[in-house]
Amino acid sequence: MRLSRYFLPVLKENPSEAQIVSHRLMLRAGMIRQASSGIYSWLPLGFRVLKRIEQIVREEQDAAGCLELLMPTIQSADLWRESGRYEDYGKEMLRIQDRHEREMLYGPTNEELITTIFRSEVKSYKELPKLLYHIQWKFRDEVRPRFGVMRGREFLMKDSYSFDIDQAGARRAYNKMFVAYLRTFARMGLKAIPMQADTGPIGGDLSHEFIVLAETGESGVFCDKALVDRDVLSQEVDYDVDLQPIVDSWTAPYAATDEKHDAARFDALPAGQQLSARGIEVGHIFYFGTKYSEPLKAQVAGPDGNPVTVHMGSYGIGVSRLLGAIIEASHDDAGIIWPDAVAPFDIGIIDLKPDDAACASLCSDLYGRLRAAGREVLYDDTADRAGAKFATMDLIGLPWQVVVGPRGAKNGVVELKRRATGEKQEVALDAALGRLIPNG
Ligand code: ATP
Ligand code: MG
């Protein structure tokens with residue numbers, strides 16, 4: 001993409017409405033604009049990152065055997081009356097009337113809708129287990145929308161739902177999601193720690209929030225430091241084997257959100273192992289048994305022919321919140337530092353003097369070859385001052401920058417900069433291509 005043709009409205013000044021760094025940087029880098037309180041438009045740069053994050057979430061759900069579908073954003077109030085949640089949900093639910101004065105709502109979550117799909121189509125235990133998910137916009141009329149996409153009113157969520165014949169089956173589904181979540185967040189360069197979370201009236205230990213540690217996080221959390229730097233991705237996962245040992249290895253060390261905090265257990269840890277911090281909830285997995293299948297009568301015929309009420313769980317990831325969480329975890333004074341896996345472009349080319357023939361020709365050659373090799377490139381071919389170009393490139397945080405000036409261009413040399421470390425190197429064009437094209 002040539003910057004001269006792109007839509008990247010960067011801001012030089014810090015917007016006064018933004019209280020935390022991720023919100024500030026998303027506005028400054030031209031990623032989002034507020035449409036109304038807690039509701040955002042995604043500009044091209046932000047939308048690219050959103051799509052990449054969504055794709056990682058999707059790939060890991062698919063790998064775990066979860067099947068993607070798409071449910072609507074608008075739901076009928078009657079459905080929620082059946083589960084008893086229409087009144088309970090209170091003011092967070094955005095209620096709408098259609099032209100026939102039928103009561104509708106903008107879905108804050110989808111347990112009711114997915115359960116009715118299940119109950120109409122699945123009749124026998126032989127069709128179980130089933131794990132279904134979608135990635136869809138939700139609306140919750142939060143009392144205090146704030147921190148940009150971190151606590152919006154309209155936000156993108158991945159929500160999965162599991163259906164099993166009994167609790168043992170539901171736990172297998174839970175474990176699959178547990179492991180898929182570990183991998184999902186690790187692939188985005190995040191350290192997300194599963195922490196015991198409140199299960200409400202159902203009880204049990206089958207609810208975990210995945211928490212990214214950050215000073216600006218809204219949750220108080222307590223955990224064993226041993227959980228912080230664990231390697232997640234070096235081993236492939238076989239979702240057909242018993243995953244309980246992996247889950248146990250994560251849940252044995254202490255980790256809990258403040259609602260479930262057990263001070264006695266925490267204090268028993270050696271002082272050097274205690275971590276008391278703040279965190280951002282990026283995912284939440286939850287087994288709730290027959291809480292919805294019971295009132296909504298989601299039953300299948302069991303092996304003896306008698307009807308069995310299915311056991312369910314639901315598993316959410318805050319896809320749009322993740323952009324904020326990643327930036328909170330990865331930035332410096334100059335701007336965002338995107339982990340490679342979610343960066344909007346892999347490489348930025350800065351042409352310091354586009355009206356110099358040697359510069360322009362080297363840059364367009366480089367641009368063409370990188371793109372031919374499948375790399376996503378943002379090519380700054382504008383006539384802006386060098387200082388402004390450097391500042392914009394650092395602000396938007398692409399993992400690699402290639403700087404081309406007239407002197408280097410004459411000798412076929414470019415400057416390669418790694419955004420994360422700030423490390424710079426003068427290299428010949430071919431050497432730069434070698435670094436920027438994996439296996440190239
Ligand atoms: P919170 O405690 O932050 O209000 P929640 O527990 O109500 O969230 P869940 O129902 O568990 O949220 O939703 C699943 C995921 O969706 C959360 O883990 C979070 O990442 C994301 N999420 C929830 N509410 C919002 C919001 N208002 N804005 C952005 N993301 C959200
Ligand atoms: Mg939650």
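**Entry 1: the cavity**

I began with the largest cavity and found its lining made of Tyr 40, Trp 42, Trp 137, Val 149, Glu 154, Phe 155 and Ser 320. On a 1 Å grid over the protein atoms alone, a cavity is a set of points where a 1.4 Å probe fits but cannot get out, while a pocket is an open set with protein on both sides within 12 Å along at least five of seven lines; lining residues have an atom within 4 Å of a point. Two elements, β2 (39-42) and β8 (154-164), each give two or more residues to this lining. For names like these, helices (H or I, at least four residues) and strands (E, at least two) are DSSP runs, numbered from the N terminus.

I noted a volume of about 40 Å³ for the largest cavity. A volume here is the space filled by probe spheres set on the points, with grid points joined across faces, edges and corners. The count gives one cavity of 30 Å³ or more. I sorted its lining by class and got five nonpolar residues, one polar and one charged. In this scheme Ala, Val, Leu, Ile, Met, Phe, Trp, Tyr, Cys and Pro count as nonpolar, Asp, Glu, Lys and Arg as charged, and the others, Gly among them, as polar.

A reminder to myself: this is a predicted model, where local features need pLDDT of at least 70 and side-chain atom pairs count only at pLDDT 80 or more, while totals for chains, interfaces and linings use all residues. Residues are numbered from 1 along each chain as its sequence is written, chains are lettered from A and ligands numbered from 1 in the order in which they are written, and side-chain values use heavy atoms, with hydrogens and water left out.

Next I looked up the largest pocket, which holds about 1,200 Å³ of space. It has 46 lining residues, and Arg 140, Met 157, Glu 209, Glu 281 and His 284 are the closest to its centre. Which element gives the most to the lining of the largest pocket? I found that β13 does, with eight residues. The lining divides into 16 nonpolar, 15 polar and 15 charged residues.

The second largest pocket has a volume of about 350 Å³. Of its 21 lining residues, Pro 129, Asp 164, Gly 169, Arg 172 and Lys 176 lie nearest the centre. I see at least two lining residues from each of β7 (130-139), β8 and α6 (167-187), and α6 gives the most, with five. By class I have ten nonpolar, four polar and seven charged residues there.

**Entry 2: two helix pairs**

I then checked α2 (residues 44-63) against α9 (residues 319-329): their axes come within 9 Å and cross at roughly 110 degrees. Axes are lines fitted to C-alpha atoms, for helices over the stretch in contact, and angles run from 0 to 180 degrees between N-to-C directions. So α2 and α9 are roughly perpendicular to each other; angles under 35 degrees count as roughly parallel, over 145 as roughly antiparallel, 65 to 115 as roughly perpendicular and the rest as oblique. In contact (heavy atoms within 4.5 Å) are Gly 46, Val 49, Leu 50, Ile 53 and Glu 54 of α2 with Val 319, Ser 320, Leu 322, Leu 323 and Ile 326 of α9.

Last, the axes of α10 (residues 357-372) and α13 (residues 429-436) come within 11 Å and cross at roughly 30 degrees, so this pair is roughly parallel.
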